[in-house]
Amino acid sequence: MKTIIKNGRVIDPSQMTDRVADIVVEDGMIKAVTEPSGAAGSAADDADEIIDATGMWVVPGLIDTHVHFREPGLEYKEEIRTGCLAAAAGGFTAVCTMPNTKPFVDSVETVEYIKEREAAANGVKLLQSACITVGQKGTEIVDMEALKAAGVYGFSEDGRSVDDIKVMREAMKRAKSLDMPILDHTEEKALLDAGACMNRGKFSDMLGLTGIPAEAEELTAARDILLAKETGCRLHLQHISTLGSLDIIKAAKSWGIRVTAETAPHYFALSDGDITVRDGDAADGTYHCVETPSGMKADTHKKMNPPLRTKRDRYAMITALIDGTIDTIATDHAPHSAEEKSKPFDQAPFGIIGLETSFAVSHTELVKKGFINPMRLIALMSTNAARILGYDGGTLRVGARADITVIDPEEEWTVNAEDFKSKGRNTPFEGMKLTGRVRLTMADGNVIYRKE
C-alpha cells in the first residue's frame, strides 16, 4: 500500500522542519519526504491513494501522556475500543493509559488482557502504565521488572499519591534501575478537608463548597522532586495546575533534576470562576448544572482533580508552556456517565473528557492568540511526549513508523459532545467556538480517522 500526502505544511519538531512537502508512505513506513510535486495526482500515478493536504498541517501523530480508558471493569464509562476511536478523532496515534481500572493494572495478566483488547481496536497504540503499588494501597511495590518486560511504559498511582515517603523512595530506586519513569499524581491528602471538591478561594466560598488548597499539589510535588534528586529517577509530574508547582519545577530543572511535567487544556483555557453557572448561560438547567449550598448552580462538567485554579494560575500555565517549564500537554481524559455527573457537586466524580477537543482548544488558546508557534504546539502534543515515555513516535523522519496527523488550522467549529466518539459527554468545553480541526489520522500507514 502506497500513499502520498501532498502539498501539506510539514511540521516536525524532531527535525525542526517546517516546510511545504510531500510525504510518501509505503508498507506502514515513511519512505520519503520530498519537495511538493504540485496538483494531486500529477506525479504519483503509482500511488494507491493520494491525500491532498494543501493548506493543512501534516504533523507527527499526536501522543497523550495521560488518559483513562476505564477498561477493564468500568466499561459503562469508556471501553478501549471507544477510547481509541476518540483518540483517533482527536489526532492521537498513541496514548498512555492509566492503571486505576478494576482490577488495577498491577499484574502481567492485566497488561496482557489490555494488549488483547488493543489489538482488536483501530490501531491507536496504548502505552500502558502500571501501578506503583499493588492495588494502589501504598504499601507493597509491584513487580516492576516483570511489568516492564510485559511492555508497560511507566509506573503511576494516578488518582492518588503514594503517601509513605519510604515506599515512594524505594519505588523510585527500582524505577531508576530499570530506566523507567514514575508518572506522579501529586496530592497531599492530609491537607484535604472532607468533601473538598474545587479550588479553595473566593469562588468556593461563594458557592458554599469545600475547597482544595494549592498546597496539596505543591507539597507532594516538592517532596517527590527531592526524592528524584536523591534517587536519580526520571519523574514526570502529572496534570500540574498551580503557579507554586511551576516555581518548584522550574527550580528543579535548574538544579539538573530529571523532572518533566504536563498540564492540560482546561488549566490554561479555564479557571475556577468558570464553574459557576450564571443566568443566561446555555448550560443552565441541564443535568450537570447542579445547585450548591449557596443556592447558586455549578457545572459538574468542570469538576476535575486537580481542580480548575485561579486566573493567575491559568496565566502562569501559559507562561510555563512558552518557557519550557511544562513539557507536554495531556488531556487526563476521564469519562463518566451522565448519571454520575448529575449528582450534587461535592458527590459527583472528578474528571472530564478531552481527547476530541485537545488540539483545537490548545491551538485556539495558544497559537491563535500568539503565545506559541505551531512548532512548539506540536512538540508539546507529540514529540516531547514520545521522549518522556521512551516511545519511538513523535517524528516524521524517513524510516519512521507512519503515524501522521493532518490538521486544518483554520476550520472553525463549535463543540457538541453529542458528536463525540467517546462514550463520555462530560466536556467542560461544550458550546465553545474553536479554530483548528483534525481532518485525518494515520497509524502505521493506515487511515484510522477521516473527517467527512
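Asp179 sits in the loop between α4 (165-177) and β11 (182-184); helices (H or I, at least four residues) and strands (E, at least two) are DSSP runs, numbered from the N terminus. Although Asp179 is not a glycine, its phi is positive, about 55°. With 46% relative accessibility, Asp179 counts as partly exposed; here buried means under 20% relative accessible area, exposed over 50%, and partly exposed in between (1.4 Å probe, protein chains only).

A word on the model before going on. This is a predicted model, in which local features need pLDDT of at least 70 and side-chain atom pairs count only at pLDDT 80 or more, while totals for chains, interfaces and linings use all residues. Residues are numbered from 1 along each chain as its sequence is written, and side-chain values use heavy atoms, with hydrogens and water left out.

**Backbone features in the loops**

Most residues other than glycine have a negative phi, and most peptide bonds are trans. The table lists some places in this model to look at with that in mind.

| Residue | Feature | Value |
|---|---|---|
| Asp179 | positive phi | about 55° |
| Asp444 | positive phi | near 55° |
| Pro72 | cis peptide bond with Glu71 | omega about 10° |
| Pro103 | cis peptide bond with Lys102 | omega about 5° |

Asp444 belongs to the loop between β21 (433-443) and β22 (446-450), and its 32% relative accessibility makes it partly exposed. Pro72 is found in the loop between β6 (62-67) and α1, and Pro103 in the loop between β7 (92-97) and α2 (108-119).

**A hairpin and an open sheet**

Strands of a sheet pair through backbone hydrogen bonds, either parallel or antiparallel. Strand β2 (residues 17-26) and strand β3 (residues 29-34) are an antiparallel pair joined over five bridges; two strands count as paired if DSSP finds at least two bridges between them. Val25 stands opposite Ile30 in β3. The two strands make a hairpin with two residues between them, and Asp27 in the turn has a positive phi of about 55°.

Elsewhere, three strands with parallel pairing form an open sheet in the order β6-β7-β8. β6 and β8 (125-126) are at the edges with a single partner strand each, so one side of each has no neighbour in the sheet. β7 and β8 run parallel and are joined by two bridges, with Val95 opposite Leu126 in β8. Helix α12 (residues 374-389) packs on this sheet, where it touches β6 and β7, and its direction makes about 55° with that of β6.

**The nonpolar cores**

A nonpolar core is a set of buried Ala, Val, Leu, Ile, Met, Phe, Trp, Tyr and Cys residues joined through side-chain atoms within 4.5 Å. The largest one has 100 residues, and Val95, Met144, Phe155, Ile182, Leu237 and Leu377 touch the most other members. Helix α1 (residues 80-89) gives the most to this core, with six residues. Setting aside residues up to four places away in sequence, Phe155 has contacts (heavy atoms within 4.5 Å) that include Ala130, Val142, Met144, Met180 and Ile182. There is also a second, separate core of 16 residues, among them Ile51, Ala402, Val406 and Met442.

**Helices and a buried tryptophan**

How do helices α7 and α9 meet? The axes of α7 (residues 243-254) and α9 (residues 311-323) come within 9 Å and cross at roughly 25°; axes are lines fitted to C-alpha atoms, for helices over the stretch in contact, and angles run from 0 to 180 degrees between N-to-C directions. α7 and α9 are therefore roughly parallel to each other, a term used for angles under 35 degrees, with over 145 being roughly antiparallel, 65 to 115 roughly perpendicular and the rest oblique. Leu243, Leu246 and Lys250 in α7 meet residues of α9 including Arg312, Ala316 and Asp323.

Helix α11 (residues 358-367) is mostly covered, with ten of its ten residues buried. Trp413 itself lies in strand β20 (residues 404-414) and, at 10% relative accessibility, counts as buried.
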